[in-house]
Amino acid sequence: MASACVSFKANAHFAITRRDHHRFGQDSAIWGERIKGSVNSGMCVNRMRKTKPAGVVSAVLTSNNAQESVGLQVSSFVRRRADPKNVAAVVLGGGPGTQLFPLTQRCATPAVPVGGCYRLIDIPMSNCINSGINKIFVLTQFNSASLNRHISYTYLGNGINFGDGFVEVLAATQTAGKTGKQWFQGTADAVRQFTWDAKNKSIDNVLILAGDHLYRMDYVDLVQSHVDRNADITISCAAVDDSRASDYGLVKVDGRGRIIQFSEKPKGLYLKEMQVNTSLIGLSPQDAVKSPYIASMGVYVFKTDVLLELLKLRYPTSNDFGSEIIPAALREHDVQAFFFRDYWEDIGTIKSFYNANLALTEENPKFKFYDPKTPIYTSPRFLPPTSAENCRIVNAIISHGCFLRSCTVQHSIVGVRSRLDRGVELQDTVMLGADDYQTESEIASLLAEGKVPIGIGRNTKIRNCIIDKNVKIGKDVIIMNKDGVQEADRPEEGFYIRSGITIIMEKATIEDGKII
């Protein structure tokens, strides 16, 4: 048992708000172990004495005047710890990936390489593993072959121990009946078609994750917040600025963290209406001015029975969480916000993909793959170390298995198995690498025949570019977009331009002397 002394004014009143939580006045509350220490003007716990096991709490309330002391019996409670073993994670494999085209021309968005040797799917998968969540479903549909292959090579064996858990790929399929003839119609519909899995495996909460975000999170913190508040749904949220706000679902919350308004990708006046004072969620006044919106990260926790009810019974024809399920659930369910204050980037466009990758090359990047306590896992390729002969490399990431000869690499990422020949200059470029090697004899034979091998040929200069996998770029090529073209489609020439960034298509061949 714990005793507490709480100061209050003569007109203060005591009210019951929710279950085991008691609230004083309008702005202060006792939330279990969260209130500690002493504050002169507010209510506080300033003396504590344990006489019973931790977790059982009661309080004695007094004012500064001993004659006004009032003893109240506070309901005892035991805090229920979130158990990751009772959580199932569902990673969404993404839709057609039109915003990342042409990188998604042959692969699903979560299978797109990032950081030199990883795939986007590795982020939520690693977060789950590091959080102790070992029941993971991956829902796939579009261009899923490479994604399925990567999951199989990386997470089904190879020393990763899931104990009594599993990783299961649930591919879109057609079944008997009228509704079974349709593919996934959206994020919610994808989960709906497989909700029987969560029900049959006695899961308390279902964690819904996107497969195209870059961040590191302990999901147990999110689930614990969900359990502490006894929420039906909890949405992980982050503050964002004006330039990105219209790309996300935006929320408003009340003083207790409950979401009271949700707007999916608002524009114009509707966007301005979603501005809030983000200093109230922990941002400094300066950062609050820069980031006046609260965005949904697309990371949700549902009570399993609530998820089944919403998808199967209440809204069986609603197909998307952000635009349909969540706004409708606000009217009938307790939807809480969990504020995430660490680095988070939605890799939803070519520009965000390009910037997020190059940001990894900074001296002190905001996101680091090499955290020893919470590593990001990926496929073990068993490649040799990179060989660099007489090269100049500045603020760059060079992946394993590369061969660099007398070249310059600056503020760039070079993916696995890449080959850069003599005189190559690579700047502000993301090179995704290759799936296979060509031997020295094969390269010599191709060059003798006037053909272009995989990699970048002699004296080629490349800037402001994304080079997709297995690309063949000849010698004396210049890729710089000197005219500053913002958008262009040249698939017959092997490239596109998006937001001023040149993207060389997968398996494209750029002949000797070409200028882009």
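**Exercise 1. How many bridges join β26 to strand β31, and in which sense do the two run?**

Work out the pairings around β26, keeping in mind that this is a predicted model.

*Step 1.* Start with β31, which covers residues 501–504: 3 bridges join β26 to this strand, and the two run parallel. To find the spot by eye, go to Cys465, whose bridge partner in β31 is Thr502.

*Step 2.* Now look for β24. Strand β24 (residues 425–431) pairs with strand β26 (residues 461–467) in the parallel sense, over 6 bridges. A handy landmark here is Met431, which has Ile467 as its bridge partner in β26.

*Step 3.* Finish with β28. The pairing of β26 and β28 is parallel too, over 2 bridges. Here Lys461 stands opposite Ile478 in β28.

*Step 4.* A reminder while you're looking at strands: in a regular strand the side chains alternate between the two faces of the sheet.

**Exercise 2. Are α1 and α2 roughly parallel or roughly antiparallel to each other?**

Get the answer from the helix axes, then list the residues that meet.

*Step 1.* Take the axes: those of α1 and α2 come within 12 Å and cross at roughly 30°.

*Step 2.* Angles under 35 degrees count as roughly parallel, so α1 and α2 are roughly parallel to each other.

*Step 3.* Now the residues. From α1 come Asp122, Met125, Ser126 and Ile129, and from α2 they meet His150, Thr154 and Tyr155.

**Exercise 3. Is Ser126 buried or exposed?**

*Step 1.* Ser126 sits in helix α1, residues 122–131.

*Step 2.* Its relative accessibility is 0%, and buried means under 20%, so Ser126 counts as buried.

*Step 3.* Leave out neighbours within four places in sequence, and Ser126 is in contact with Tyr155, Pro375, Ile376 and Tyr377.

*Step 4.* Zoom in on Tyr377: its backbone nitrogen lies 2.8 Å from a polar atom of the Ser126 side chain.

**Exercise 4. How far apart are Leu147 and Ala111 in sequence and in space?**

*Step 1.* Find Leu147 in helix α2, which spans residues 145–155.

*Step 2.* Between Leu147 and Ala111 there are 36 residues in sequence, yet C-alpha to C-alpha they are 5.0 Å apart in space.

*Step 3.* With neighbours within four places in sequence set aside, the contacts of Leu147 are Ala108, Pro110, Ala111, Ile121 and Thr140.

*Step 4.* Check the accessibility: at a relative accessible area of 0%, Leu147 is buried.

**Exercise 5. Which residues does a cis peptide bond join?**

*Step 1.* The cis bond joins Phe101 and Pro102, with omega at about 10°. Pro102 lies in the loop between β4 (87–92) and β5 (113–114).

*Step 2.* Next, positive phi. His411 isn't a glycine, but its phi is about 50°. Look for it in the loop between β21 (408–410) and β22 (413–414). At 28% relative accessibility, His411 is partly exposed.

*Step 3.* Asp476 is also a non-glycine with a positive phi, about 55°. This aspartate is in the loop between β27 (472–473) and β28 (478–479). Its relative accessible area is 41%, so Asp476 counts as partly exposed.

Note on methods: Residues are numbered from 1 along each chain as its sequence is written. This is a predicted model: local features need pLDDT of at least 70, side-chain atom pairs count only at pLDDT 80 or more; totals for chains, interfaces and linings use all residues. Side-chain values use heavy atoms; hydrogens and water are left out. Helices (H or I, at least four residues) and strands (E, at least two) are DSSP runs, numbered from the N terminus. Buried means under 20% relative accessible area, exposed over 50%, partly exposed in between (1.4 Å probe, protein chains only). A polar contact is a pair of N or O atoms within 3.5 Å; within protein, one must be able to donate a hydrogen and the other to accept it, and residues adjacent in sequence count only if both atoms are side-chain atoms. Contact means heavy atoms within 4.5 Å. Two strands pair if DSSP finds at least two bridges between them. Axes are lines fitted to C-alpha atoms, for helices over the stretch in contact, and angles run from 0 to 180 degrees between N-to-C directions. Angles under 35 degrees count as roughly parallel, over 145 as roughly antiparallel, 65 to 115 as roughly perpendicular and the rest as oblique.
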